[in-house]
Amino acid sequence: MSEIKIVANDKDYTSRVSKAVKFFWNTKKRQLKDSGDESNRGAVVGGKQMDGFIDLLKKVAVDAGVPAKNIITDKNYLPGYFRSSKDWDMLIIAPNGKLIAAIELKSQVGSYGNNFNNRTEEAIGSAVDLWTAFREGQFPNQQAPWIGWLMMVGRDKASERPVKNFEPHFPVRSEFNQASYLDRYRILCQKLILERHYTSAALLWTSDANTYGDLAADISIQSFINSFSGYLNGVKDEFK
């Protein structure tokens, strides 16, 4: 699939999604070249690969009526409960100081065995920390914010093949039998929503700069943008 048709609030974001995927691959290749490291580490530690998606989500927010000055993409620290603070990738904060939305973006192409568990623990830990802080009054006098997690994963032989389960003492859950890393990321995202750790989660696969797609409709980029835009439309009065 070369393009996914994305429309929300009568706005077409298809080309912006495509540009975000291209930006990811171009940035990754440049970081690998600059680092002189032929392994994936040079790109993994470089960061900024998902900035194209930040630009996409900023545009969605502005189109939904959020002033650009209330979209924060630098020094995005939010207080936690189990730790002092967490630096999120994007925040929306109303003029009255209310936290409207917080979004985290992650990616993984290669080194699946080394990094899948880390990504899983990061996603769950960040959400649990934030919601516990919310419960304990760190964000007073406001409704629950919109919390999103967007993940892009490489689609290749390594991510498509079934992964061995380790069951020396107890069996794993049946959904993990014969599950590839792509399957495991799909299961993760669906359960993050099911357990209400995130308001919405999206999972995109990509093989190269021109090839990408969704893993499932309920965690598609369209579903993610619909949820995000719909929530922002519902809180427009916070920005008057």
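Trainee: Which residue in S8 is the bridge partner of Ile-103?

Mentor: In S8, the partner that bridges to Ile-103 is Gly-148. Before we go on, keep in mind that this is a predicted model, in which local features need pLDDT of at least 70 and side-chain atom pairs count only at pLDDT 80 or more, while totals for chains, interfaces and linings use all residues. Residues are numbered from 1 along each chain as its sequence is written, and side-chain values use heavy atoms, with hydrogens and water left out.

Trainee: What makes S7 and S8 a pair of strands, and in which sense do they run?

Mentor: Strands are DSSP runs of E with at least two residues, just as helices are runs of H or I with at least four, and both are numbered from the N terminus. Two strands pair if DSSP finds at least two bridges between them. S7 and S8 have 8 bridges and pair in the parallel sense. The chain passes from S7 to S8 by way of helix H4 (residues 112–135), and this β-α-β crossover is right-handed; that word applies if, with the strands pointing away from the viewer, the path from the first strand over the helix to the second runs clockwise.

Trainee: How do you know that S8 is covered, and what is found on its faces?

Mentor: A residue is buried under 20% relative accessible area, exposed over 50%, and partly exposed in between, with a 1.4 Å probe and protein chains only. By that rule, 9 of the 9 residues of S8 are buried. One face holds Trp-146, Gly-148, Leu-150, Met-152 and Gly-154, the other holds Ile-147, Trp-149, Met-151 and Val-153, and all of these residues are buried. S9 is mostly covered as well, with 7 of its 9 residues buried.

Trainee: What is the order of the strands in the open sheet, and why is S3 said to stand at an edge?

Mentor: The sheet has 6 strands in the order S3-S6-S7-S8-S9-S10, and its pairing is mixed. Strand S3 (71–72) and strand S10 (211–214) each have a single partner strand, so one side of each lacks a neighbour in the sheet, and that puts them at the edges.

Trainee: In which senses does S9 pair with S8 and with S10?

Mentor: S9 (residues 200–208) pairs with S8 (residues 146–154) in the parallel sense over 7 bridges, whereas S9 and S10 pair in the antiparallel sense over 4 bridges. A hairpin through 2 residues joins S9 to S10, and Leu-204 stands opposite Asp-214 in S10.

Trainee: Why are H4 and H6 called roughly parallel?

Mentor: Two packed helices are described by the angle between their axes and the distance between the axes. Axes are lines fitted to C-alpha atoms, for helices over the stretch in contact, and angles run from 0 to 180 degrees between N-to-C directions. The axes of H4 and H6 cross at roughly 0° and come within 11 Å. Angles under 35 degrees count as roughly parallel, over 145 as roughly antiparallel, 65 to 115 as roughly perpendicular and the rest as oblique, and H4 and H6 are therefore roughly parallel to each other.

Trainee: Which residues of H4 and H6 meet?

Mentor: Contact means heavy atoms within 4.5 Å. Among the H4 residues that meet H6 are Phe-116 and Ile-124, and the H6 side includes Tyr-185 and Leu-188.

Trainee: How do you know that Val-17 is buried?

Mentor: Val-17, which is found in helix H1 (residues 14–35), has a relative accessible area of 0%, so it counts as buried. Not counting residues up to four places away in sequence, Val-17 touches Ile-6, Leu-56, Tyr-212 and Ile-221. The C-alpha atoms of Val-17 and Ile-221 are separated by 8.7 Å, although the two residues are 204 residues apart along the chain. Ser-18 also lies in helix H1, and its relative accessible area of 7% makes it buried.

Trainee: What makes Asp-10 exposed, and where is it found?

Mentor: Asp-10 has a relative accessible area of 80%, so it is exposed. It is found in the loop between strand S1 (7–8) and strand S2 (11–12), and it has a positive phi of about 65° although it is not a glycine. Arg-196 lies in the loop between H6 and S9, and its relative accessibility of 71% also counts as exposed.
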